[in-house]
Each structure stands twice: as C-alpha cells, then as structure tokens.
Amino acid sequence: MSNNDLLENIKKLREMTGVGFKDCKAALDETKGDLGKSVEFLRKKGIAKASKKMSRTASEGLALVKEQGGKISLIEVNSETDFVAKNRDFINFCKELSEINFSAKGNLEKLNQTNMSNDISVKDNLVNLIAKIGEKITIRRATFFDNDDGANFFYVHSAIEKNIGKIISVVKLDGIDKDNGVGQKLAMHITASNPLAIDKESINKSIIDKELEIIKAEITNSGKPIEIAEKISKGKIQKFLNENSLLNQLWIMDPKKTVSDILKENSQNKEIKIINFVKYKVGEGI
C-alpha cells in the first residue's frame, strides 16, 4: 500500500470511528489495510479503553423527552462532566437515542440492541463514543407513557434545546382535556416540588420509618421526655407526608391551595385524577 493510499485509509478510518491518527495507523497495519477489520480492531480496543473508565462517576449529562400522538418517552444519558454534556457528538448521540427510546417504549435492553443510523448498534456506538470522547458515558434510565388511560403532559426546566434539559417531569392525568393548561402546570409543579408519591399512602414505608427515626432522635436529643417526643413526632411526620405527597403539596403558583384543590377546581364533567408521574433530574442519586 502506497503512502497516499495509507493516508487516505487513515482519513476514512478516522471519519468512521473518531479515533486518533496513531491508533488508526496501527489498526490498518494490524489488518493489512482492511477497513472493515480495522473498525472491528478499534472497537475491541475501544472496549478496553471504555472498561477502564467504567469505575468513574458519571453524574452529568442530559435528559430528553419525545412526544408523539399523545405518547411520551423519557431518557437520561450521563457523562462525567458538563463539558461533555455540551459536546455536539454527545448531544447528537442523545437525540438519536431519544428517537429510538420512543420506538423501544422505554425498554433499555431493546434500545441497546437497536441499530442507529450508521447501522451499528446503540451498545457498540456507545463504546465508540466513550473511546472518542474519553469519558465514561452511561444510558442510565428510560420511561414510556402510553395514552391508553389518560393524557400525558411534560415540562422541561431550562431547556438547552427543544425537549432537552437537566430536569424533566412527565405526568399522566385522567379526566382532563389535552389542551387544558393545568396539565403542563402540574408537570412544572412536580419539577419544582419533587414529590415522592401521588398520595401519602403511596410513600415508601422505609422512607417514612427512617424519617420518623430521625425526628424522634432530634426531639429526644433536645432533652424533651419520650412521651412528649412521641406527640411532637406525630405532627412532624404528618407534615413530612403532606410536603412529599403530590396531592397534598402546596400549589407552587398559589401556596394557599393544595394540588388537590387545583385539580378539583379544574374538574368539569369528570374528576381529574393523577395516574402516574416521573421526574428525571440528571445525576440525582448517583
């Protein structure tokens, strides 16, 4: 192979893989100039590079939402730094993932096996992107809301592009017209108020028990008798339940009313009910 041919193949291989000059030349030398085998060689090398990065923490990234025909999908993709989250290759990868996620209905296993526009699977494209960018990147979670039993609404907080941001909330309501503005306002409320569940009864018992334990310890440590601590703790845990259950939260646009009050006010022929909701805050809990 002439030097000109080699340089041309290196250029092609770099365009195909995004890998550096030296690695591309080494791959072509190893495979005697076969571009297809060189891509496979680099992918294997990329896997080795990526595996070293998997122990790092990826708590930045993007959340993306897609709505079509009243159905909504939501996905979170993480990177190590906010710098990479603003990288055009990363953003384009995430945008295509959002489209695939809608078709996969939030099934990550199906999504990872699906081929992207370059005819390479999501799973392998992810490895190539990690090798190219040099950071740990993970597809963390995905959700899908059908429209069989209600209408879906979403809100993107401080969107960097249409339907892309750091915090996105989706809520499904029954008994509401799709054009009713209270749906998106409720999604906005969820973004700001971070409820744990729809109602008090749905909050995880382990969370309540832990909170009660902390409340009792704080009161007891303040020197109050146990019987007084028990009485005060009941009031405090009730306040905790109200503040963390969506229906009982104070409405962010009118703190004199609860979310439940707002839904009642906007109910007409049929009572508006919250069927489900989800909030994605990039990196939360990592």
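## The largest pocket

The largest pocket of this predicted model is lined by 21 residues, and Met16, Asn118, Asn125, Asn128 and Leu129 lie nearest its centre. A pocket is an open set of points on a 1 Å grid over the protein atoms alone, where a 1.4 Å probe fits, with protein on both sides within 12 Å along at least five of seven lines; lining residues have an atom within 4 Å of a point. Two or more lining residues come from each of helix H1 (3-17), helix H3 (35-53), helix H5 (88-104) and helix H7 (122-133). H7 gives the largest share, five residues. Helices are DSSP runs (H or I) of at least four residues, and strands (E) of at least two.

## The aromatic pair

The structure holds one aromatic pair, formed by Phe102 and Phe144. Ring centres must lie within 6.5 Å to pair, and planes over 60 degrees apart count as edge-to-face. This pair is edge-to-face, with 5.6 Å from centre to centre and 70 degrees between the planes. Because Phe102 lies in helix H5 and Phe144 in strand S3 (residues 137-145), the pair ties together parts that are 42 residues apart in sequence.

## Charges over rings

The charged end of Lys66 sits over the ring of Phe102, 5.5 Å from its centre. The charged end of Lys178 sits over the ring of Phe153, 4.5 Å from its centre. The criterion is NZ of Lys or CZ of Arg within 6 Å of the ring centre and within 35 degrees of the ring normal.

## Basis of the values

Residues are numbered from 1 along each chain, and side-chain values use heavy atoms, without hydrogens and water. Local features need pLDDT of at least 70 and side-chain atom pairs 80 or more, whereas totals for chains, interfaces and linings use all residues.

Key: Rings of Phe, Tyr and Trp (its six-membered ring) pair if their centres lie within 6.5 Å; planes under 30 degrees apart count as stacked, over 60 as edge-to-face and the rest as tilted.
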